[in-house]
Structures are given as structure tokens and as C-alpha cells.
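Hello,

Here is the structure I promised to pass on. Please open it first, then read my notes below.

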Amino acid sequence: MVNGSEEKKYDPKIREELDNADWQDISLRLLRYAANKAKMLRALGITDTGPEDLIQEAISLAYGIGPNNTYRNWNKETYPDLAGFLISVIKSIVNHKKEQREKFKLDLLDKTFDKDLKHLSPESPEELVTREHDLMNLKQAIYELIKGDDEVEMVWLCLEDGISKPRHIAEETGYDITRVNNILRRLRRKSKGLAPITEQRH
Amino acid sequence: MGTEDKEKIIVFFDTLTDALGDSESVSKEEILADLKEDGIDVDASVKHILAMVEDASQKARRQQLEIARERRLAMESKKPTRPSEFLDWTKEQLIEKINEFLSTGSPIASVSYRELESKCQEDLVALLEDLITTKELDEQASHDES
């Protein structure tokens with residue numbers, strides 16, 4: 001996230017494109033991404049951030065009116081379409097929250113925590129550590145559900161290697177993109193109901 | 001659980017949620033179906049997002065106009081006071097000129113004719129000068145960039 005004191009200034013030209021964008025379509029893509037990332041934050045104990053909170057912050061940053069004068073400039077070479085750019089902003093917000101959580105946990109252990117970050121998690125460091133154990137158990141539980149489905153297992157291996165883009169998974173597995181998306185849908189359905197990663201915040 | 005394991009598990013769920021949230025090659029109908037399956041009230045959420053965009057757009061316009069106003073005041077405080085060239089204009093002339101800006105996507109494009117009519121002449125002159133300053137700043141920024 002960039003703030004006003006950094007070298008590259010906010011370029012307000014993006015505002016016109018934001019004003020004229022097809023938000024019906026963009027909203028669906030943002031919702032899909034943000035809903036999944038919010039589930040992950042929840043699984044990490046960050047319970048105050050839902051999908052719409054992530055989207056709202058990304059929109060504010062793109063308009064140059066983020067909290068504490070923060071903003072994000074749109075690099076069209078990296079993200080040719082607006083939805084892709086906003087998704088990258090959400091990703092960066094999520095990463096920032098994860099880093100804050102980690103800092104909060106370490107500070108709690110040191111008993112020097114910043115009270116301003118207390119809202120990030122009402123939990124004790126022990127509970128935060130337990131959440132990480134829960135994630136390990138959750139991963140194992142999901143794996144048990146997909147075991148035996150060769151296609152899902154193949155995609156699972158890609159995910160373990162850090163490959164998240166369906167088109168990259170397609171390249172890696174030799175499956176076509178539609179097949180990869182169907183496999184991911186199967187994975188999502190199989191893991192549905194396993195708290196907390198699949199739990200939806202209301 | 002070691003630090004490495006802990007980092008690995010978080011990276012894995014990050015990758016998993018990136019993959020499940022990806023929409024690059026998914027149709028609108030599929031996205032809709034998946035969101036509904038996840039229990040999301042799509043219509044309400046989209047409506048909420050459209051309102052967020054409208055709100056952010058308004059705030060950004062106000063911020064842009066505020067910056068122009070601050071710059072104009074700063075410029076005025078440095079220069080010897082000069083009477084505005086618009087002081088002799090009638091309200092109708094001022095509104096007509098402001099409307100020219102409204103039709104070209106100015107930062108106050110949302111101000112209605114009725115709102116302009118309710119302003120006093122001094123306020124209209126200040127608004128017109130702010131709009132001119134905004135335009136000059138935009139032109140200067142484009143020139144600097146090129």
C-alpha cells in the first residue's frame with residue numbers, strides 16, 4: 001500500500017475509468033475473490049473483515065481516498081483489466097492484515113503488543129497458535145475427502161507447489177482450463193462444511 | 001509446529017483461496033452459481049458495491065475540488081489581490097459557464113442546476129474559479145507527464 005509520502009504520486013486519471021466501469025460484472029469477480037480471502041482471514045482469527053470490507057477498502061484505495069491518505073496506482077501493463085487490478089489490491093490488503101496479525105501475535109508473546117492492533121484478534125497468542133494447528137488439521141481433513149479422486153489430487157499437488165492460477169494449473173497438469181475449473185469446483189464442494197475455512201461471515 | 005510448517009500451511013491456504021477465488025476463465029453464470037451456492041445474497045452485495053463506488057467517487061470529487069480550492073487560496077495569498085474577472089458577471093452567466101464544466105466531467109459533475117441556483121453570486125464566482133484552477137492543474141499535470 002502506498003501513502004502520500006512516497007515518491008510516486010497518485011494518478012487521478014483512474015477515477016474516470018472507475019466511474020465508467022461495468023461494475024455489475026466487476027462486482028461478481030471481486031465478490032468471488034474477496035469471499036474466499038475473507039474465509040482465510042477468518043480461519044486465521046481475523047474476524048472483523050468480511051468480503052465487502054475488503055472490496056470497500058480496495059475501491060477507496062483505487063479512488064485515492066484510502067485510510068491515512070493511502071492509495072494504489074493502476075499499472076495497466078501488469079493488470080490490463082480493472083477487475084484484475086482491484087483483485088491485486090484486495091490481495092495486498094489481505095497480506096497486510098496477515099502481517100499485522102503475525103506482528104500482533106509476536107508482540108503478545110513479548111507482552112509489548114500495540115493496543116491499536118488489538119482489534120485484529122481477540123485471542124491470546126496460545127489461541128492464535130492453536131489456529132495454525134487447526135489449519136494443519138483442516139488441510140489434512142480436506143485431503144482425506146479428496147483422496148482417491150485422481151484429478152483433484154493432481155490439482156492439490158499444484159496448490160502445494162504454490163500454483164494458484166487455473167491457467168498455470170492447466171499448463172502443469174495438461175488438463176484444459178474448463179476441466180481445471182470443474183476440478184476446483186469439485187474441491188470447493190468437497191471441502192464445504194469444514195469449519196473454519198469454509199465458514200461464511202455474515 | 002515449527003515456524004517453517006506454520007508458514008507453509010498459511011501459504012497453502014493462501015494459494016488455495018487464490019485458486020478458488022480466481023475468475024479469469026470462469027463465465028459470469030458460473031460465478032453467480034458458485035456465489036449463490038456459498039450462501040451469498042448476490043443482488044444485495046452487488047447493490048452494496050455499486051453504492052460503495054458511488055460514495056467513493058463523490059468523496060474523490062470533493063477531495064479534488066478541495067485541493068483546487070486550497071491551491072487557489074494559497075496562490076491568492078502569495079499574489080497581490082486582484083479582483084476576479086467574474087465579479088461583474090450575472091448569476092445566469094456564471095451558472096451557464098459552470099454548466100459548461102458540468103458537461104465535461106468536472107469534479108462537481110453531480111451538482112444539480114437547482115443547487116447552483118440556490119448559491120449566492122460570490123459562491124458561484126469561487127466555485128467557477130476552483131473549477132478553472134482544477135482544469136489548469138489537470139492540464140499542467142498532463143503537460144508535465146508528456
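**Helix H6 of chain A**

Four residues of H6(A) are buried: Val155(A), Trp156(A), Cys158(A) and Leu159(A). Viewed down the axis of H6(A), the buried residues fall within an arc of 160 degrees, so they line one face of the helix. Just after H6(A) comes Gly162(A), with a positive phi of about 85 degrees. Bear in mind that this is a predicted model.

**The contact between the chains**

Chain A puts 48 residues into the contact, and chain B puts in 41 residues. On the chain A side, these elements each give two or more residues:

- helix H1 (14–19), helix H2 (23–43) and helix H3 (51–62)
- helix H5 (125–146) and helix H6 (150–160)
- helix H7 (166–173) and helix H8 (177–191)

So H6(A) turns up here too, by the definition of helices used. H2(A) supplies the largest share of the chain A side, 16 residues. By type, the chain A side that touches chain B divides into 21 nonpolar, 11 polar and 16 charged residues.

**The nonpolar cores**

Which residues touch the most other members of the largest nonpolar core? They are Leu30(A), Ala58(A), Leu86(A) and Ile90(A), in a core of 58 residues. H2(A) gives the largest share of this core, 12 residues. H2(A) also gives the largest share of the chain A side of the contact. Where does the core lie relative to the domains of chain A? Both domain 1 (1–122) and domain 2 (124–202) of chain A give residues to the core, so it lies between them.

Leu30(A) deserves a look on screen. Leaving out residues up to four places away in sequence, Leu30(A) touches Ile55(A), Ala83(A), Leu86(A) and Ile87(A), and also Ile49(B). One of these partners, Leu86(A), is itself among the residues that touch the most other core members.

There is also a second, separate core of 5 residues. Among its members are Phe101(B), Leu124(B), Leu127(B) and Leu131(B). In general, nonpolar side chains tend to be buried together in soluble globular proteins.

**Chain B as a whole**

Chain B has 6 helices and 0 strands. Along the sequence, the pattern of chain B reads α-α-α-α-α-α. Of the 146 residues in chain B, 22% are buried. Now take the contacts in chain B between residues at least 6 apart in sequence. Of these, 78% join residues at least 24 apart.

Best wishes

Notes. Residues numbered from 1 in each chain as written. Chains lettered and ligands numbered in written order. Predicted model: local features only at pLDDT ≥ 70, side-chain atom pairs only at ≥ 80, totals over all residues. Contact = placed C-beta atoms within 7 Å. Nonpolar A, V, L, I, M, F, W, Y, C, P; charged D, E, K, R; others polar. Core = buried A, V, L, I, M, F, W, Y, C linked by C-beta atoms within 7 Å. Buried ≥ 20, exposed ≤ 12 C-beta atoms within 10 Å, placed from the backbone. Domains from an automatic or database assignment. Arc of directions from axis to C-beta.
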